Amino acid sequence: MALRQFSNRKVLALVGLVGGILLVALLIFLRERPAHSEVNSRPLHMTVIEVQSMPFVLTARGLGITRPVQTWQAVANVAGRVVQRHPQLNSGTLLPAGTLLLTLDPGRYQLAIAETEAELASLAAEQAQLEAEASNTRHLLQLENERLQLSEGELNRIERLLETGAVSRSRLDEQRRTTLAQRQLVQSLDNQLSLLPSEQQYLDAQIQRSRTRLEQGRQDLEDTRFIAPYDLRVRTVDVEEHQYAALGQPLFLADRVEQAEVEAQVPLTMLRRLMTAVSIPVDSQPVALDITERFDFAAIRSEVELTGFPAVRWPASVSRVTSGLDPGTRSGRVVVTVDQPYSLASVPERPAFQRDMHVQVRFAADSPQSLLAVPSSAVHQGEVYLLGEDSLLQRRPVTVAFEQNGLAVIEDGLVAGELLITDDPVPAVTGMKVAPHRDPDFEEHLKQLALGAEQ
């Protein structure tokens, strides 16, 4: 009985094994063929473009805050009461050059000028008197010299007569006293005349001091009037009419409106490419140069765009590159100037170019040589797909110098004239068949992007 049960189990196991083998064979026979084998048997339709070296416009962008080129902080150089204030001298007002904005009381300075002018008149009279005295003394000295010559001649004659006994000794002594007196008079006049130049110098010094005081008085009088040196916009006013302004007190603050500027913070990589494009060749440089002579800033095209409003733009020009980097962002600082910012206003399309506006500055410069550029989307983790011989896909590593405006500038790995696959097949298998489709319109679009056209 036990033996029969064992035999039945063996038969059942054998039948199960055979049935399993038959089931596996049936599944293998009925399974579908691999889909990829059918796909690989047909070429994939892909878009290709010709790799070209094309003219390229290097661009850069930077953010900054607008500010006036020049600001006037009016300060009282003299003290005085405000006797006149322009009715439109208020914050935000635009005033033309030559406008009298503020006047301090000029009374004390006018009196000081009058006093100094009177002192100068008195000194001028003294100077005229001294000149007349000098002239009279010279004439008198001339006459007394002539009398001295006569007296000495008479003395000589009497001395000769004394030898012959024609005159007495007393007559000789009397003539000698007369001659000595005349000599003393001539010497006195000569001494008096020699002192006149020092008196003249003293008067000249007094006159020069008075003239200096007069010039200072006139300067103080001029400092009582505040006239706009250029077209300006008033920012703040710190004084009212009839208020006393002390020496050194701030009166008002105004910004020049003829020009404005922006110090844009530009990433160093962008700035380096831009400056390289406009650098002056070394052979044509003189021995000593400052930074403005090493680069042709006029070759850089720039415009200012109001942040958040891409359509609001102003033309600008590069003025200079400031020294050092921005301490916060470690970026370069390029200053651009906007001429006549208020005259370019067209409300509401384009507001006036005012201070403290947050703006973006765009820079563009032509590359000195053509560059090999392809779509950035055609570079896949450092590789590109090319159309090789027999329309087979090839993968090749490339070195990208930089990316700009949706383009990748290739430094190494591609040659002009090769056909680049712009699609992204998944998976991209080397040697797979490709049915290429050339897209000349896309190639022309890439050229426009290289010239700076927006995507």
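1. Let me start with D255, which is buried at a relative accessible area of 8% (buried means under 20% relative accessible area, exposed over 50%, partly exposed in between, with a 1.4 Å probe and protein chains only). Helices (H or I, at least four residues) and strands (E, at least two) are DSSP runs, numbered from the N terminus.

2. A word on the basis: this is a predicted model, where local features need pLDDT of at least 70 and side-chain atom pairs count only at pLDDT 80 or more, while totals for chains, interfaces and linings use all residues. Residues are numbered from 1 along each chain as its sequence is written, and side-chain values use heavy atoms, leaving out hydrogens and water.

3. Next, have a look at R362 and E305, whose side chains meet in a salt bridge at 2.7 Å, N to O. Because R362 lies in strand β16 and E305 in strand β13 (residues 301-306), the pair ties together parts 57 residues apart in sequence. Both R362 and E305 are buried.

4. Salt bridges with shared partners also join R67, E261, E263, R320 and R333 into one network. The structure holds 24 salt bridges.

Methods:
A salt bridge is a side-chain nitrogen of Lys or Arg within 4 Å of a carboxyl oxygen of Asp or Glu.
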